[in-house]
Amino acid sequence: MTPELHPDPIDRQDESWVTSHPAYRVTFWSLPPRARGSDPTVPLAFNAEHWRISNARDVIEVLDWARSDGRLFEVFAESADAAADRAFTKTVLRLAGYNLAYGPGYDPTAFLSVPADLQTTTAQLEQSREK
């Protein structure tokens with residue numbers, strides 16, 4: 001079931017700083033092969049590979065780049081703070097994707113809106129827990 005969106009009009013005068021070309025971060029998730037002789041009842045841990053993307057025109061370009069890899073991924077935008085004169089505040093905002101390391105306690109349907117992404121993510125989570 002799709003959650004109901006709640007759009008509300010805003011007054012953009014409350015913005016203190018806007019960046020037109022933020023840096024993005026992409027985390028690729030992959031499931032390693034099960035080691036020979038390992039206990040098949042123990043779930044596998046996902047591997048994460050992290051990339052920082054700069055000079056992207058927009059998030060669409062970053063998403064296209066991430067999708068072209070073929071692995072499951074998450075995309076974040078870095079938060080900057082001009083008032084503090086810092087380019088990166090150690091805050092990232094998730095824009096797309098799902099963290100496979102969340103495990104069974106988190107429902108991917110609460111994070112993903114693209115049916116194909118949801119099916120692939122669910123399949124990978126099930127594969128990590130194969131018995």
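The protein chain contains two helices and four strands. Along the sequence these elements follow the pattern β-β-α-β-β-α. The model is predicted, and every value below is computed from it.

- The protein chain has 131 residues, of which 25% count as buried.
- Among contacts in the chain with a separation of 6 or more, 53% come from residues 24 or more positions apart.

- Four strands form an open sheet in the order S2-S1-S3-S4, and their pairing is antiparallel.
- From one strand to the next, the twist averages 25 degrees.
- Strand S1 (residues 24-30) and strand S3 (residues 72-78) run antiparallel and are joined by six bridges.
- Within this pairing, Arg 25 stands opposite Phe 76 in S3.

- Helix H1 (residues 59-67) lies across S1, S2, S3 and S4, and runs at about 20 degrees to S1.
- Val 62, Leu 63 and Ala 66 are buried in H1.
- These residues lie on the same side of H1, because they cover an arc of only 100 degrees around the axis.
- The partners against which the buried residues of H1 pack are S1, S2, S3 and S4.
- The N-terminal end of H1 is capped by Asp 58, which places a side-chain oxygen 3.1 Å from the backbone nitrogen of Ile 60.

**Helix H2 and Gln 119**
- Helix H2 spans residues 115-128 and includes Gln 119.
- Is Gln 119 buried or exposed? Gln 119 has a relative accessible area of 60%; a residue counts as exposed when this value is over 50%, and Gln 119 is therefore exposed.
- Gln 119 and Pro 108 are eleven residues apart along the chain, and 9.4 Å separates their C-alpha atoms.

Conventions: Residues are numbered from 1 along each chain as its sequence is written. This is a predicted model: local features need pLDDT of at least 70, side-chain atom pairs count only at pLDDT 80 or more; totals for chains, interfaces and linings use all residues. Side-chain values use heavy atoms; hydrogens and water are left out. Buried means under 20% relative accessible area, exposed over 50%, partly exposed in between (1.4 Å probe, protein chains only). Contact means heavy atoms within 4.5 Å. Two strands pair if DSSP finds at least two bridges between them. Axes are lines fitted to C-alpha atoms, for helices over the stretch in contact, and angles run from 0 to 180 degrees between N-to-C directions. The arc is that of the directions from the helix axis to the C-beta atoms. A polar contact is a pair of N or O atoms within 3.5 Å; within protein, one must be able to donate a hydrogen and the other to accept it, and residues adjacent in sequence count only if both atoms are side-chain atoms.
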